[in-house]
Amino acid sequence: METVPADGLIAASWLLIALPLAGAAVLLLGGRRTDRWGHLLGTGTVVTAFVLGLLCTLQLGGRRVDVELFTFVATGSLDVQAGLLFDPLSALFVLLITGVGALIHVYSIGYMAHDPRRRRFFAYLNLFVAAMLLLVLGDNFVALYVGWEGVGLASYLLIAFWHERPSAATAAKKAFIMNRVGDVGLALAIFLMFAQLGTVSYEGVFGSVGLLAGGTVTAMGLLLLLGACGKSGQFPLQAWLPDAMEGPTPVSALIHAATMVTAGVYLIARCAPIYDATPTARAVVLAVGAITLMIGAIAGCAQDDIKKVLAYSTVSQIGYMFLAVGLGPIGYVAGLAHLLTHGFFKAGLFLGAGSVMHAMGDEVDMRRFGGLAPHMKVTFVTFGLGYLALIGFPFLSGFYTKDAIIEAAFDRGDGWGYLLGGLAILAAGLTAFYMTRLMLMTFFGRPRWEPGVHPHESPAVMTAPMVLLAVGSVLAGFLLVVAFPLEGWLAPVFGEPEAAEHVVAPIVVSVLVTVVMAVGVLTAWLFVGRREVPVTAPVRVSPVTRAARRALYADAVNESLFMRPGQWLTRALVWVDNRGVDGAVNGLAATLGGSSSRLGRTQTGFVRSYALSMLGGALVVAGALVAVTTG
Amino acid sequence: MSDFPWLLAMIAVPAVGAAGVAALPKGRDGTAKQAALGVSLVVLLLAVLATVAFDTGGERFQLTTSVPWIPDFGVDFALGVDGIALVMLLLIGVLVPVVVLASWRDEPTGQRSMKAYFAWLLLLESFMVGVFAATDVFLFYVFFEAMLVPMYFLIGSFGGPRRQYAAVKFFLYSLVGGLVMLAAVIGLYVVSANELGEGTFAFDALRGIEIDPGVQKLLFLGFFVAFAIKAPLVPFHTWLPDSGAEAPIGGAVLLVGVLDKVGTFGFLRYCLPLFPDASRDLAPYVLVLAVAGVLYAALLAMGQSDMKRLVSYTSIAHFGFIALGIFAFTTEATTGAVLYMVNHGIATGLLFLVVGMLIARGGSRQIGDYGGVARQAPLLAGVFLVAGLASLALPGTNSFVSEFLVLIGSFPTRPVFTVLATVGIVLAALYVLLVYQRTMHGPPRGVLLETPAETPAPAPGGGGGATAATATLDAPAAAPARLRVADLSPRELAVAAPMVALIIALGVYPQPLIELVEPAVAATMSDVGADPAGVEPEAPGGGTD
Amino acid sequence: MSLTHYLVLAAILFTIGAVGVLVRRNAIVVFMCVELMLNSVNLTLVTFARASGTLDGQVMAFFVMVVAAAEVVIGLAIIMSIYRTRRSASVDDANLLKY
């Protein structure tokens, strides 16, 4: 579908990015002067952006609008225009980012109230929102890349917000580096586009991607996937996401659950024309999704840190989304719908976790929680609704969107479809298990608090966003799948939905998923709910548990495969450079100096030895002359 | 206005200023630095005015001045700039006042007074302008060698503990390269005498002559060795870490910011147009050095314990990118390389400056002597971060534009080298973030502590994931007594602010700069036989956007 | 007397001078041996000038004499001052002029 030039309010959609960016600039440059009202400004810009985004979306009505801004870089045959593409897909993300973003900004006012650097926190959050909006609004791959690394920077700054803690600083660095590995893939994909097609705009690339050889498109798809894996914490680059929980909890909710980590899904959905042309790359997307889905679910079952459980859950849920978009046209809408509902309930769950931590003196170990339900009613109820939505309790958000993905997997119709569908159902059971375990360890049972902890409900400024997100968790699935189907809204992007031919009847899938979920809940109750939870983690556990605790040894693999050899290589090279390269140069200088001083020794200072050498020289010359003239 | 000899003025003003500063009576260091700042600002103004007078659509060389100098050998004192040289003059114009301001409170380390320091600085500026503005190969050579003298004294008289060693090493390396180049310059003259009947050193005349391929290769190598040492490319690089580490901060900024660019500038101005066949034949070997430099120097940077050495090694990696861009022979990559020359001067210049500010506080160059600076000096840490991010080419900073152009322009002609160099961006993130984390993050430690007390234990928590907000906030009270690291003073802010502003501005809107250099780049491309219109897409049908 | 006789005499004188420079320690004697060598050269020059019937060689011999005179003046002064400081005129005692 053709794009149309911008008109009306959409022509001003650059303000969506500019507003939070200006907020960040004012807060960072303004210094302490802005301490008193900084958080209000930060929240205000995002709320305004949300309103603007909503108005733009209402004006959009199924068109694809191109907003041209200025020439970013144009030299030779490369021409990169700074421009925005406002279409139904980006509109969805704009609403998610600014909507959830605004709620989390409000929540942060309360959560960060006692932090002396709250202003800075809001500046970074604003910076993140601006970069994320650029990522989803850009109309070419360079703008996407700028936003892509911009959110990486914001993520780095926010994970390291409490940078006095070495663990936070290290986690931030790890996140940035692993993201950069992915970024290399994205960058190379862009280079490949330019080399092959001479353009980096969405329109140009998608319009002529069909002309390329199959191998080239596959390479492009795989490189883009590498980028997506880095940003979205997918296998094999998943290890940074759980560590990123070192950041303040609102950050985990906004960046590492609801928005940034779903950028990979956006990228693959946006590049649908490329993946349509390469079944191979699409199959790899599918495989990555399926593998990550299981890794996340398994690892989530054995964590004791409440945020890490949620983090692995995020990894696993994004695996679902990758699985969905890897299925091709039948899965795009399902994946995006799950992305949206996940944005609601996972953000809600993280905010709830933050509320719990707030109450427990920043304790995160679930073995130190227990019996919190009566003390924190609002948190308990909102968290509970998020929990039910996540595990796919019938007629809540997750139920609709997760079922849609599983159905789409079965709809492939072949053996792989059954395998993937089966894995997805199994993971749904695991999800139910680990989330129920979390609920039981946190809100039920006997209190296992540290002495001196007095849990209390959080202030209204924190609970209000939680309530709104809980409402979203309950209703979003129904609204997006049943009431106002997302397929229709996204038709300008992915084409009109076809009447799906279901291999397995949807009702069968729903029942199956619900049963497996119930089994998961029951198992969790049997394991956790019935017995006393030990305050320290048991040491003597099965190898499976041990592997799950260490997230299937992802860190160990990274460490032994990359970090240690890298450190060794660095040390070796430093030695080579100092001793080898520089040594050769210094050695040359030393040789010259040495030989000159050795030659100098022939100058004894004795006149008569000089005279002898003169005589010898004269004789040699005379001899030579004689030889030449006579010979 | 265009009749005014801008370039001559830009050479003469700092030279006269240097003489004036040197002639000041002893003990007038205060006057010396004010005079130096004034003179360097005048040069900046001249550079800006020259840019205004420059017409991007006009002749290749503009603002020309030519006076016969040694008529017997056809040597002219000929000055003129194309877009590439002009942006380098602008870079010089910006960096020197910043450097003067940054050296405001420096104490001399040797016996020389700071008056001498500023005099040498101004003389260096004069020579640097000359080397970029010369359009006569002999004149270029003269300025090329003359630059060594002030730099030698800046390092040798005002540097760190091993300044003598570093200065001699710098001088010898450069001299060896320079002499090899002198041989090639003379060879070029002889060739021109054979071809044209009368020998000449004028760049425009030399550009037109056909040279035998074998001779071309030899002459190319003569120039190349000099420029590869200057730039520096691996394995001619080991002088730079020593010089960069021992030089005073101001000298180090100009050393990597401008002086080394003479090498890459020389590739572009002399190697490619004068010896196009040899450039094309030998490009693969140069690219091997370039990419090896990107990866090798990045790994080495990670292994350094001395901050200034680390920054020097990052520069070597960046020069690898520049060389890659130049020897890929596409308009996009070469434009990127030229931008890279400017942007690297700003970004790495700022990195050196901020490292210098940190060293001025702690008195040590060792990374291990610092820690947790961000807590006490957030502005300093912020500027450090901006410089670091520009060094790792984060989008939104100026370096991104140039690195992106270099890579995207090199990929169509040299995919393997480009892929390898792209891996370098991960290494860049590693070396920047490693040093940032070690010095700025974590609990305060090292020389910033008054007593070598125990560091505050990290917050306890399950699985190391504790979010101990309140615990951390209480930490300062519980922490041992420590020297407060002062945040940036207004003078230091005045040093950093223009650099940060340039980093962001050129990162967001680089197009004016691109338009300034593109005609010169296109001319160079047609000299070397590449298509100045840029890369042709391989697949049909791909339009521009 | 043929040309050969003169040249043989000059060669003998030169050899005596050269051997003397090499084997004697006393600076004065070394000096006198140098003079002997110079004069043997003068003899050769004059001999050839006479044989070829031109004055070139004779003029050259005058130059050599002038230079030799100047050399003696400087050389003896140096030897005197060395003797004063070292109480010795042996050339082997004065070996300061080395690397």
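Two residues are in contact here if their C-beta atoms, placed from the backbone, lie within 7 Å. The model is predicted: local features need pLDDT of at least 70, side-chain atom pairs count only at pLDDT 80 or more, and totals for chains, interfaces and linings use all residues. Residues are numbered from 1 along each chain as its sequence is written, while chains are lettered from A and ligands numbered from 1 in the order in which they are written.

**Stop 1: chain A**

Select chain A and show its C-alpha trace, which spans about 120 × 65 × 60 Å along its principal axes. Chain A holds 24 helices and three strands; helices (H or I, at least four residues) and strands (E, at least two) are DSSP runs, numbered from the N terminus. Of its 631 residues, 59% count as buried. A residue is buried if 20 or more other C-beta atoms lie within 10 Å of its own, exposed if 12 or fewer, and partly exposed in between; the C-beta atoms are placed from the backbone. Among contacts between chain A residues at least 6 apart in sequence, 81% join residues at least 24 apart.

Next, colour residues 344-539 of chain A as domain 1 and residues 559-630 as domain 2. These bounds come from an automatic or database domain assignment. The C-alpha centres of the two domains of chain A lie 76 Å apart.

**Stop 2: the sheet of chain A**

Select strands E1, E2 and E3 of chain A, which form an open sheet in that order with mixed pairing. E1 (4-5) and E3 are the edge strands, each with a single partner strand, so one side of each has no neighbour in the sheet. Two strands pair if DSSP finds at least two bridges between them. E1(A) and E2(A) pair in the parallel sense over two bridges; to see one of the partners, pick A:Val4 and look for A:Val65 in E2(A).

Stay in E2 of chain A and select A:Asp66. Is A:Asp66 buried or exposed? A:Asp66 counts as buried because it has 21 C-beta neighbours inside 10 Å. Leaving aside neighbours within four places in sequence, its contacts are A:Thr3, A:Pro5, A:Ala6, A:Gly83, A:Leu85 and A:Asp139. For a distance check, the C-alpha atoms of A:Asp66 and A:Ser108, 42 residues apart along the chain, are separated by 34 Å.

**Stop 3: chain A against chain B**

Now show chain B. Of the two pairs of chains that touch, A and B have the most contacts. The contact takes 70 residues from chain A and 70 residues from chain B. Elements of chain A that each supply at least two residues include strand E2 (65-75), strand E3 (78-86) and helix H23 (554-600). Which element gives the largest share of the chain A side? Select H6(A), which supplies 17 residues. By class, the chain A side divides into 34 nonpolar, 18 polar and 18 charged residues. Ala, Val, Leu, Ile, Met, Phe, Trp, Tyr, Cys and Pro count as nonpolar, Asp, Glu, Lys and Arg as charged, and the others, Gly among them, as polar.

**Stop 4: chain C**

Move to chain C, where ten residues are in contact with eleven residues of chain A. The chain C side has seven nonpolar, one polar and two charged residues. Chains B and C do not touch, and their nearest C-alpha atoms are 23 Å apart.

Finish on helix H3 (residues 56-86) of chain C, whose 31 residues reach 44 Å from first C-alpha to last, close to the expected 45 Å. The expected span of a helix is 1.5 Å times one less than its number of residues. H3(C) is hardly covered, with a buried count of zero among its 31 residues. Just after H3(C), select C:Arg87, which takes a positive phi of about 55 degrees.
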